[in-house]
Every structure is written in structure tokens, then in C-alpha cells.
Amino acid sequence: MEPKRIREGYLVKKGSMFNTWKPMWVVLLEDGIEFYKKKSDNSPKGMIPLKGSTLTSPCQDFGKRMFVFKITTIKQQDHFFQAAFLEERDAWVRDIKKAIKCIEGGQKFARKSTRRSIRLPETVDLGALYLSMKDTEKGVKELNLEKDKKIFNHCFTGNCVIDWLVSNKSVRNRQEGLMIASSLLTEGYLQPAGDLSKNAADGIAENPFLDNPDAFYYFPDSGFFCEENSSDDDVILKEEFRGVIIKQGCLLKQGHRRKNWKVRKFVLREDPAYLHYYDPAGGEEPLGAIHLRGCVVTSVESNPDGKKSEEENLFEIITADEVHYFLQAATPKERTDWIKAIQVASRTGK
């Protein structure tokens, strides 16, 4: 019997010989990880055995690269992967850790197995806490904060985080809240914004997290940006990024000129409604933006060249200016989810 497929999708992988990062189609099996240059390839480019391997997350070996995790094999070979966003990284890490544990215990991988028996009363689930903090209604409120003639967008203060933890009964007191907030910061669920919080995170202060109204922080997937005194053109450009991120992930996009397909990381924002796309291997600036207000999005059953295929999972966005974008999802469900999210943004976003 072939090993069971546990999870698959696009991740960015660091090359083993050169310091290059490239998007790969990655498949997690019960006993290892296969990675392919393209999803449609029949044979993998490489395979990582999980028996005796260890996993490190977050891996902060690469400075500005976020959402990286590292797998070290029994032969001490390091493999680095980068996810498109935090929840995606955590999902991969959770399943890989469980697969390794199942191998060590001689068990079959099952998502609903021994969860109750391994849960410790004093254990804090930072991932679940992070999702609660991001809740638009009951979570920590994101604001536009001003300091030293700079505006920090999609931000919040350190004391607001501690206030929320205490009022939400996640901690018993502010001292315990400081410990939890420091863990959230260390694990990458919170990011420092501004010199005061950055210096503390770098070890200059006694605690990496500051319970302080002048210390600013943000969620790594919030669309945070800082703006100083800028021209009118800059203000218009920044307006695109003010919308709250409602969906993100990797898709294949067809180029307008060469008609070739490339993996791109897409970030969907609403109010204003924009779909930005990036090189998933690196680069903070988007390669392009699709203004979704008044657009039409629909699934298509054949590719733009007219070739019929039931496995393509293609969909098309036609903007109000009649520009056509052809995108390809990995699965039918993923295609449906993207279409629904884009339709909502196009109706509600300005």
C-alpha cells in the first residue's frame, strides 16, 4: 500500500546547494515529505524521510523571511520551508509533528486520535489564542496609531494586548499576561512596530514584550504598514493596503504576455477591495494588483488556450476595466472558496 497523503499544497523551499528559494508542490505522507517542481509532475524532485527527524518552528535563521519552519533529518540535513501565512505554517507544523510522533510510536496517523490524553491542564494553545485575538468582533482592535510623525496602520499597543488577555480571562493577572504575550511574540504570532517595541524584542529591555501604551505591535498577516509624511501619489498607493485581509494563499496565475503559468501568493483585502499578488519566494512589494470593485469572477471549464481539462480548477476575474485574469486553484474546493471570497469583496469593498 502507498503511504497515506496527509496534507499537500504550495510551500517555498530553500535550495539545498544554493541560497535560492522556490515555490514547490509539497506532499506530506505518513513516513516522509515529497516535493515537486510542479503539481502535475509524476516524480518528485526530492524526498525527506521523517523517521528520526526533528522540526523547528518558528525558524528565524533568515531575517525578514517569516513563517519559516525547519526539518532536520536523522543524518543532520536541514530543509527549510516557508508558508504563505501564519495559519498555513501552523497547520503544516502540527501535522508534521504528529506524523513524526506516530512513526516513533508505531501508530497510524489519525487526526482525531489521542488529543484528550496528551492535553495538559496548564498548556496554553498559542495558535488558538492568536485566532481569538484576531477575531474582528471580540479580539484585539486594530487601530491607526501615530508616533514621532509616523502613522502605524493595523496596529495596537502593548498594554491593550495585556488588557485583552486579562479581560478575556486568558490569564489571571498582568504579570502572567506579560509572559503569554512574550511567548506570542517569540513564536511569531505578534510582531513589534516602532523602535521601542523592536528594541525590547531584540533583548535591550528586561522583557521582550512591553506592557506599555507607547509600544506598538501588529499581527503578521494584518496588512500592517508605516507611513511618514508622503506625497499624494503615495497616499493613493497606500489606500490599496488599508483593507483588512480576508483570504490569502498560493495560486497559479497566467501571464498576460507570455501566457505562462507561475505560482503567486495572493492576498485578498476588502474595503477597499484589492487582490494583490506577490512572488512567494520573496519580496515585500506586490508584483501587481487587481481592483475588484465591480468585477466578475467565475469558474471556467477550459484553459484560456481552449484546451479542455476537468482537473484544471480554473477561474477568471474580469475587472470593471475589462482586464481578464486567469487563475488556477489546487482543488475544486479551493477554487470555490476563492470565488466566493472575491465575490463578497467585489460587492462590499469600495
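Me: Buried means under 20% relative accessible area, exposed over 50%, and partly exposed in between, with a 1.4 Å probe and protein chains only; what makes Tyr-130 count as buried?

Reply: Tyr-130 has 1% relative accessibility, so Tyr-130 counts as buried, and Tyr-189, at 7% relative accessibility, counts as buried too. This is a predicted model, in which local features need pLDDT of at least 70 and side-chain atom pairs count only at pLDDT 80 or more, while totals for chains, interfaces and linings use all residues. Residues are numbered from 1 along each chain as its sequence is written, and side-chain values use heavy atoms, leaving out hydrogens and water.

Me: Why is the pair of Tyr-130 and Tyr-189 called tilted?

Reply: Rings of Phe, Tyr and Trp (its six-membered ring) pair if their centres lie within 6.5 Å, and planes under 30 degrees apart count as stacked, over 60 as edge-to-face and the rest as tilted. The centres of Tyr-130 and Tyr-189 are 5.2 Å apart and the planes stand at 45 degrees, so the pair is tilted.

Me: What makes the pair of Phe-69 and Phe-81 stacked?

Reply: Their ring centres are 5.6 Å apart and their planes are at 25 degrees, so this pair is stacked. Both Phe-69 and Phe-81 are buried.

Me: How do you know that the charged end of Lys-13 sits over the ring of Phe-81?

Reply: A charge sits over a ring if NZ of Lys or CZ of Arg is within 6 Å of the ring centre and within 35 degrees of the ring normal. The charged end of Lys-13 sits over the Phe-81 ring, 5.8 Å from its centre, and Lys-13 also lies over the face of Phe-35, at 4.7 Å from the ring centre.
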